[in-house]
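Trainee: Could you take me closely through one part of this model, the packing of its helices, and say how each term is defined as you go?

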Amino acid sequence: DRIVFANQFVYDMQQQRGFKGFEVGVEWRDLQKHLLAQGVSYLKPEQTEAEYIEEIAEARKNLKGQQIRERRTQDGMEYLLTDTRLDNGGLVTIVTDVTELKKQEADLQRLNTATDFSSVGTLIWNKDDVLIYFNKSAHQYGLHSFDFEFRLGASYDEVARRQVETASFEIPENMSDEEFIAELKSQRANISYNENDDSVAE
């Protein structure tokens, strides 16, 4: 159970993070000891090095097909590891650095939490005027103001028509309902969208 190949990504990762062990020829158990010693891997409370290595060695030995696992280093790096058992008994592990993706997910979760508990209704539409996000305040506003239950995928056209049906707008006397809805959509069409995410919030 020795390393027979490691690509440039692995060598670059070693150099950037300042740890060693992924050299061709290194035995797998020795690699795990290197990673523990360098703080890349870490033990559970009250777990010994020997217990840790036996635990993951047993899982490695019993692996059939493919498994996907996550590893977080002590310095906060996040990696996604995909292990695949080959027909000849060998094992291929693909390592993907997902640190930035995890940070973005955490930021989005914090944003969702903040807006959900905000008293300000928030709706986010994509460039096709389809609803892709709404918070609790917006949901309550729709139910109580014009008896509309916001849902992901709803079009602005649906929302505008429901507001017209429930007399939520004061429509000018010289305009029909259809003309008024067309005017609303025309005004929205002139909103400048963020070129990076093709969405607009209101």
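**Helix packing**

Mentor: Helix H6 passes helix H7 in a right-handed crossing, meaning that the near helix is turned clockwise from the far one by less than a right angle, anticlockwise being left-handed. This is a predicted model, in which local features need pLDDT of at least 70 and side-chain atom pairs count only at pLDDT 80 or more, whereas totals for chains, interfaces and linings use all residues. Residues are numbered from 1 along each chain as its sequence is written, and side-chain values use heavy atoms, with hydrogens and water left out.

H6 covers residues 156-165 and H7 covers residues 177-189, helices being DSSP runs (H or I, at least four residues) numbered from the N terminus. Their axes lie 10 Å apart at an angle of about 140°, where an axis is a line fitted to C-alpha atoms over the stretch in contact and the angle runs from 0 to 180 degrees between N-to-C directions. H6 and H7 are therefore oblique to each other, a word for angles that are not under 35 degrees (roughly parallel), over 145 (roughly antiparallel) or 65 to 115 (roughly perpendicular). On the H6 side, Tyr156, Asp157, Ala160, Arg161 and Val164 make the contact (heavy atoms within 4.5 Å), and their partners in H7 are Asp177, Glu178, Phe180, Ile181, Leu184, Lys185 and Arg188.

A second pair is formed by H2, residues 28-37, and H3, residues 49-62, which pack at about 135° with 11 Å between their axes. That angle makes H2 oblique to H3, and the crossing of H2 past H3 is right-handed. From H2, the residues Trp28, Arg29, Gln32, Lys33 and Leu36 meet a set in H3 that includes Tyr52, Ile53, Ile56 and Arg60.

Beside this second pair, the side chains of Lys44 and Glu55 meet in a salt bridge of 3.3 Å, N to O (a side-chain nitrogen of Lys or Arg within 4 Å of a carboxyl oxygen of Asp or Glu). It links distant parts of the chain, since Lys44 sits in the loop between H2 and H3 while Glu55 belongs to H3, 11 residues apart.

Terms used. Helix = DSSP H or I, 4+ residues; strand = E, 2+ residues; numbered from the N terminus.
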